[in-house]
Amino acid sequence: MTYDIRAQGILIIDFGSQYTQLIARRVRAIGVYCEIHPYDINNNTLQDLAPRGIILTGGPESVNTTLAPQVSQLVFDLGIPVLGICYGMQTMAIQMGGQVMASEQREFGFAEVTLVGIENFLSGIKDHIKTDGSQTLDVWMSHGDQVTELPLGFELIASTKNAPIAAMACKTKNFYGLQFHPEVTHTRQGSQILERFIIDICQCEQHWTTTNIITNAIANVRAQVGTDRVLLGLSGGVDSSVVATLLHHAIGDRLICVFVDHGLLRQGEADEVMDQFVTHMGVQVIQVNAAQLFLDKLIGITDAEAKRKVIGSTFIEVFDAKAQQLKDIKWLAQGTIYPDIIESAAASTGKAHVIKSHHNVGGLPDDMTLQLVEPLRELFKDEVRQLGLELGLPYTMVYRHPFPGPGLSVRILGEVKPKYVQILRQADAIFIEELHQADWYHKVNQAFVVFLPVKSVGVVGDGRRYQYVVSLRAIETIDFMTARWAHLPYELLEKVSNRIINEIEHISRVTYDVSSKPPSTIEWE
């Protein structure tokens, strides 16, 4: 039986929180579809969406400012459950007659919330039972304002020492407010709290499953492209590999993949891509060796964003040129996923700051002759991986570490030179090989080497070596929105460092990056 996987969904109304997309991921993980719209969503759209419930996100503003963002009153008049998180709770309180004031002591980080009452929204959800019988939750707070007076009809359901009203509820209307963030992993029972709202309160059915997503995506692709042929830029990464497999299931030999070797790939990657898709899967792949073209266009360019734009525009040029040589190509498929949209500030909310652009999101020319097919643009990385496994892709391919579209160019600081590319490619191969040997490759979520165009003195044997510096980077993450540097064993780091310096004559020093995201990004550029 097939389902409308977007029916009975949750509407997430965004106030500019850095965690908005994380809320969406948590909702999806429960098995329910959700959409994100800005706080100024118009009433017609709101009614047309017909959500089962609404979540109001946090945000950077204060509800007490003159132009503080608010939602339409219709949100509270639709007769459906509403959950306000952080700023969302505060604007709910203000708009329904309560009061919010600046906190005497701001809360940023861990907090212990004490549940109030026996029968309420949070009943049965706890982390600890104190000696006096009180129940508490370990949560994550991030706020400077707090609700100081409950709106009419609301009751207190949780508090902390610094925020006496840490959670509130109006049972008759199914309105709930949480000052803390259930969407972050630091709130230990966050998923259970969200499930309580989505499944128990909103009574959503869990149709957002991998099988249903695949069935729906194949149907959508067939409806979108009809009998046309589709051109896909195949990089060999997880996203483009899943798109290729999905499109192959949907339209068969009407899919033509173009694998562009831009000279910035990892060691042996070109051969691996061709072997997997042509030999093992029977997909039609045209290989284009454009290494010299890309390297020539990168001469003299040192700015990271400029490099990304050059890579992106050149990709489109290559695809457009190849499409002109092929008959009846009307569609360009891309492996765009949700995090690409988020970090390029291209989400429909338009609230995010541009962190870095992505070649498959920004930089498309206005006169491009191909229309876009992006079957993964609603999905997070872990959802894409699950699709890949269910579609039959090998585990080693699906769980291969992410690799940026611009390739090694954004792992070389400053200007990209052929010599730097070769040095980096060798160092990266050694690092990845040793991670596999030590059984650490799948314990981290992404690992790579960064080339620094500076020289440092070293001693190799009895000789002085004045050569380049590289940095190892390995991170642990769930959603790639936040990440912690991986605590690799010293012995492993020592072995990698020794191999790199001994086997690559142009490197004299190896460092290890211990920066987390935020404040740093995963890639250096």
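Helix H14 contributes the most to the lining of the second largest pocket, giving six residues. In this predicted model, the pocket has a volume of about 480 Å³. Its lining consists of 19 residues, and those nearest the centre are Glu272, Arg400, Ile432, His436 and Tyr441. Two or more lining residues come from each of helix H8 (269–280), helix H13 (395–398) and helix H14 (418–437). Sorted by class, the lining holds seven charged residues, six polar residues and six nonpolar residues. An empty space of this kind can be found by calculation, because rolling a probe the size of a water molecule over the atoms shows where space is left.

H15 itself runs over residues 490–503, a total of 14 residues. From its first C-alpha to its last it reaches 20 Å, close to the 20 Å expected at 1.5 Å a residue.

The buried residues are Thr20, Gln21, Leu22, Ile23, Ala24, Arg25, Arg26, Val27, Arg28 and Ile30. After H1 comes glycine 31, which has a positive phi, near 105°.

Aspartate 320 lies in helix H10 (residues 304–325). Is aspartate 320 buried or exposed? Its relative accessibility is 18%, and therefore aspartate 320 counts as buried, the cut-off being under 20%.

The mean pLDDT of the chain is 88, and 93% of the residues reach 70 or more. Among the elements of the chain, strand E3 (residues 53–56) has the highest mean pLDDT, 98, whereas helix H11 (residues 338–343) has the lowest, 66. Over residues 345–359 the pLDDT is below 50, although in the model this stretch has 41 contacts beyond near neighbours in sequence. Where pLDDT is low, the predicted coordinates should not be read in detail.

Definitions and conventions: Residues numbered from 1 in each chain as written. Predicted model: local features only at pLDDT ≥ 70, side-chain atom pairs only at ≥ 80, totals over all residues. Heavy atoms only, no water. 1 Å grid on protein atoms, 1.4 Å probe; cavity = no way out; pocket = protein on both sides within 12 Å on 5 of 7 lines; lining within 4 Å. Points joined across faces, edges and corners; volume = space filled by probe spheres on them. Helix = DSSP H or I, 4+ residues; strand = E, 2+ residues; numbered from the N terminus. Nonpolar A, V, L, I, M, F, W, Y, C, P; charged D, E, K, R; others polar. Expected span 1.5 Å × (residues − 1). pLDDT = per-residue confidence, 0-100. Contact = heavy atoms within 4.5 Å. Buried < 20%, exposed > 50% of the residue type's maximum accessible area, 1.4 Å probe, protein only.
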